[in-house]
Amino acid sequence: MADTCHIMAGRLKEPVDLIIALAGNPNVGKSVIFNQLTGVDVISANYPGTTMELNMASTRLGGLKIGVMDLPGTYALGAISDDQRVARKCILEGHPHIIVFIADATNLERNLYMLLQLIELKRPMIVALNLVDEAKRLGYEVDHEKLSRMLGIPVIPTVAVQGKGIEELLKTSVDVAIGNIEPKPMRVSYGRDIEDIIDELEKTALKHLERSPHDLPVRALSILLLENDKEFVEDVKKDKGGPEVLKEAARLAEEIRKEHGESAAIRLSRERHGLAGMIAESVKSVSEEKLPMSQRLWAYTVNPRTGVPLMLITMAGIFAFLFYIGGALSELLTRLWEIGPHVVIQSVVFGLLGKGVIGKTLIWGFDGGIEAALSVGVPYVLTFYFILAFLEDSGYLNSIAFLTDSIMHKFGLHGRAIIPMVAGAGCNVPAIIGTRVLTSPRERFIASTLIVLVPCSARVAVIMGGVAKFAGISYALGIFLISLLVIIVVGLVLNWLMPGQSSGLVMEMFGLRRPSLKAIARKTWFRFREFVFVAFPIVLVGSLVLGALYEMGAIEVLSQPLKPIIVGWLGLPLITGATLIFAVLRKELALQFLITFAITQYGAHAANLSTFMSKSQLFVYGLVTIIYIPCIAAISVLVNELGWKKASAIVIMTTVIAVLLGGIARIAFSFFA
Amino acid sequence: MINNMTPTIEEYLEALFHLRDKGKAVSTKDLAEHLKIAPASVTDMIKKLADKKLVIHTPYKGAILTKNGLKAAAALVRRHRLSERFLADMLGVPWEDLHDEACKFEHVISDQVEEKLLEALGNPKTCPHGNPIPTSDGSIVEDMSIPLTSFNPKETGTITKIKEENPEFLHYLASLGLFPKVCIEVKEIAPFSGPIIIKTRGASYALGRDVACNIFLHPDIEVKKRLKHGKTRRKGV
């Protein structure tokens, strides 16, 4: 995974002269600064072997072309988690010309901890002291000049959401990168006894090691070895003199443990925190401690008494927004499509190819397929991405995660999973992509499976328009109830079955922030762009295949093998089999096709489904429709997010559950009748 | 009593204070390693301390501080940590010299100066390393230790230990500033035995139950009072 950072730089539209890496804690406005610094030419890539997303974009200053790399936000620079490893690798192996450390002025002490770790690496760097306005609102000021003197590196105060200080930040970074300014970073020092031990290890390392991994200063390497840093221990092991050095490191670490009664890693951590606290204390001046509006509001969002009602209202709001506004937009788009592209495509295709099988098949793909993708993509996916980005950037997502964590825990999930799950009721597609807010692959699989089982607006339409209308509302409610039970049971079972368990929750709570519209808009757009590239081709090809099958009359042939299941086990008329196949395209097609097929088969009066299906048959049909395979757009994002294997597992699992429950429902009905 | 002690006795008391583990004797070997001297000379000194009724000495087991011994030791530690605070906050002595300078400085502080120092420093609770400063009656705090999950919002305590097997996770918590001897405040508790929001060093974190139940704290006086009166924890809504 060597040089992802440089490879990404190579993928930018034009070669760059300099690379700036943005590092810092999560939620300090790093991505806002990234967005302020750069233009539209953004490359995103997953770091190999991780779910960590790296963004790279370019900017200009004078005649220089500059690549800006946005590293994952981390609290420390170690090898404990994926984000930490990626951030450090990019700094060590990507060799950025300058590191811009973005520090949160409202929480300087914690931010300085990682900054001290970075300083130890002795790479060129400067500090952006962000959120200075927020600090003022909290009633204190940070003396950035004094901080700069103490750290020995330039410190630029910024208010990223307003673009303040960004220009100076870029200018200073370039000045340091090209050597116009030469920072003299402070020496990060520890207690005398620890210093002696570091010195001792440094001497041993200098004597035995052929070279320091990544050409790290030997002092920094010694500290990392005392901390028993997994990656560097492995790196040193490969060196000829490595074993000797590691032995000494272990002995000296044990000496620290004996002296201080805690592991060397924790002792070093403690001292670094102490130093960070001391620096923070001496540059901070408190005028009067204030509790700004955003903090008071935040307190309401996490207090169970007020937070739970607020959360329920928000969830209902999101659901209603997707259901009604998304639904209305979807309808509007469909209408616009019908009067515009639909007519054009039909006349072009039929004009060129005639109304034969090929022509009609192409209409399935380019007319029906694109329309389907558009009517899901724009109204549901785009709007949900916007809501999600807003919740993330405002910090409210963390409050919701906090309140719902214990319930989601039973499903092996974290509280953060609640938002995609609720969104799933609008449309599964954005919800599945929304599981990116979860960290482990296990959580993302469980969450995606459950989301697929959440009836989306299209399926609700089938139940309401088919079952409720012709069999009665109680039948429809019964279906919803069963689908809720299925979600709960599947969640519990998956949590029990899948190896590993959800890791302990440690989540920073940073209050509410005023989000930057530009950052939200860009985040929304990047995610949507990805959806378009992934989902459109699959939906298009899927539509073409289904269309070809239909036009060649193969659907009926294909549904013959399903006869034992459809007729024998589920007790449904055979034509429903074909509709279930087509509904994979779009779930609401299940109902539309059922009516269309029924009319061709039984005559016009069959538009009333109850003329050829009993109430119990409608119930079984509705139940199967709501649970089996998600639509083709959902499958396409499942494949993209989880890979073929897991996506197939979900498709098979849901189909099996649907058929099983459908049959059981039929048997239950016949038993009671 | 402290005034007529030789520095060596003071070092012993401090060492015993650091190494003590509730009710258990400190072995001669550990003491010797900590002070970096031969075990034989340790045994001699322990006998002297026992004569002064500062420790109870059990052969082959080690020494344990008596009530008086603990009080004297805590007073020493208190002056040391107060000195560190003073040297760091008021004089800006470099971090690496703090401990050694404080070792010298602590011996010249009288009771009166100690009181003035406390006042001038705004009654600090911990030394710059995050270790708690023992209270003025010389008693040190760690007489009880309860899990974070037994705290109510707005209550405070000092971490005594984190029961966690995985060193990586411990290290991760440490990088956030969560390790023993750190004061934390409980801000909020989620319903249905959900996570707990705590505040430390100006940052707030939500900790899941499975994490929180492994973090043990010495509760502050208000919490102790509540526990004494048998009131239970506020339940979530």
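Modeller: To begin with chain A, residues 24 or more positions apart account for 74% of its contacts with a separation of 6 or more. For chain B, 57% of the contacts between residues at least 6 apart join residues at least 24 apart. Keep in mind that this is a predicted model.

Biologist: What makes a pair of residues count as being in contact?

Modeller: The C-beta atoms, placed from the backbone, must lie within 7 Å of each other. With that cut-off, 44 residues of chain A are in contact with 45 residues of chain B. The elements of chain A that give two or more residues to this side are α4 (108-120), α8 (192-208), α11 (242-260), α12 (264-283), α14, α17 (396-409) and β10 (506-509). With ten residues, α12(A) gives the most. By class, the side of chain A that touches chain B has 19 nonpolar, 13 polar and twelve charged residues.

Biologist: Why is α12(A) called roughly parallel to α7(B)?

Modeller: The axes of α12(A) and helix α7 (residues 167-175) of chain B cross at roughly 5 degrees and come within 9 Å. Angles under 35 degrees count as roughly parallel, and α12(A) is therefore roughly parallel to α7(B). On the α12(A) side the contact is made by Ala265(A), Ile266(A) and Ser269(A), and on the α7(B) side by Leu170(B), His171(B), Ala174(B) and Ser175(B). These residues divide into four nonpolar, three polar and no charged.

Biologist: How do you know that α13(A) and α14(A) are roughly perpendicular to each other?

Modeller: Helix α13 (residues 293-302) and helix α14 (residues 304-339) of chain A pack at an angle of about 85 degrees, and their axes are 5 Å apart. The range for roughly perpendicular is 65 to 115 degrees, so α13(A) and α14(A) get that label. Tyr300(A), Thr301(A) and Val302(A) of α13(A) make the contact with Thr306(A), Gly307(A) and Leu310(A) of α14(A). By class, that contact has three nonpolar, three polar and no charged residues.

Biologist: What makes Leu131(A) count as buried or exposed?

Modeller: Leu131(A) has 28 C-beta neighbours inside 10 Å. The cut-off for buried is 20 or more, so Leu131(A) counts as buried. Leu131(A) sits in the loop between β6 (125-130) and α5 (132-137) of chain A. Its phi is near 60 degrees, a positive value in a residue other than glycine.

Biologist: Asp215(A) also has a positive phi in a residue other than glycine. What makes Asp215(A) count as buried or exposed?

Modeller: Asp215(A) has 11 C-beta neighbours inside 10 Å. A residue with 12 or fewer is exposed, so that is the label for Asp215(A). The phi of Asp215(A) is near 50 degrees, and the residue is found in the loop between α8 and α9 (218-226) of chain A.

Biologist: And how do you know whether Asn123(B) is buried or exposed?

Modeller: There are 8 other C-beta atoms within 10 Å of Asn123(B). With the cut-off for exposed at 12 or fewer, Asn123(B) is therefore exposed. Asn123(B) lies in the loop between α6 (111-120) and β3 (146-147) of chain B. Its C-alpha atom is separated by 9.6 Å from that of Ile133(B), ten residues apart along the chain.

Biologist: How many residues of each chain count as buried, as a percentage?

Modeller: In chain A, 51% of the 673 residues count as buried. In chain B, buried residues make up 39% of the 237 residues.

Biologist: How do you know that the length of helix α7 of chain A agrees with what its residues should span?

Modeller: Helix α7 (residues 166-177) of chain A has twelve residues, which at 1.5 Å a residue should span 16 Å. The expected span uses one less than the number of residues. The end C-alpha atoms of this helix are 16 Å apart, so the two values agree. Buried residues in α7(A) are Leu169(A), Leu170(A), Thr172(A), Ser173(A), Val174(A), Val176(A) and Ala177(A). Just after α7(A), Gly179(A) takes a positive phi of about 95 degrees.

Biologist: Into which domains is chain A divided?

Modeller: Chain A is divided into domain 1 (4-178), domain 2 (192-286) and domain 3 (304-672). The C-alpha centres of domain 2 and domain 3 of chain A lie 53 Å apart.

Terms used: Residues are numbered from 1 along each chain as its sequence is written. Chains are lettered from A and ligands numbered from 1 in the order in which they are written. This is a predicted model: local features need pLDDT of at least 70, side-chain atom pairs count only at pLDDT 80 or more; totals for chains, interfaces and linings use all residues. Domain bounds come from an automatic or database domain assignment. Two residues are in contact if their C-beta atoms, placed from the backbone, lie within 7 Å. Axes are lines fitted to C-alpha atoms, for helices over the stretch in contact, and angles run from 0 to 180 degrees between N-to-C directions. Helices (H or I, at least four residues) and strands (E, at least two) are DSSP runs, numbered from the N terminus. Angles under 35 degrees count as roughly parallel, over 145 as roughly antiparallel, 65 to 115 as roughly perpendicular and the rest as oblique. Ala, Val, Leu, Ile, Met, Phe, Trp, Tyr, Cys and Pro count as nonpolar, Asp, Glu, Lys and Arg as charged, and the others, Gly among them, as polar.
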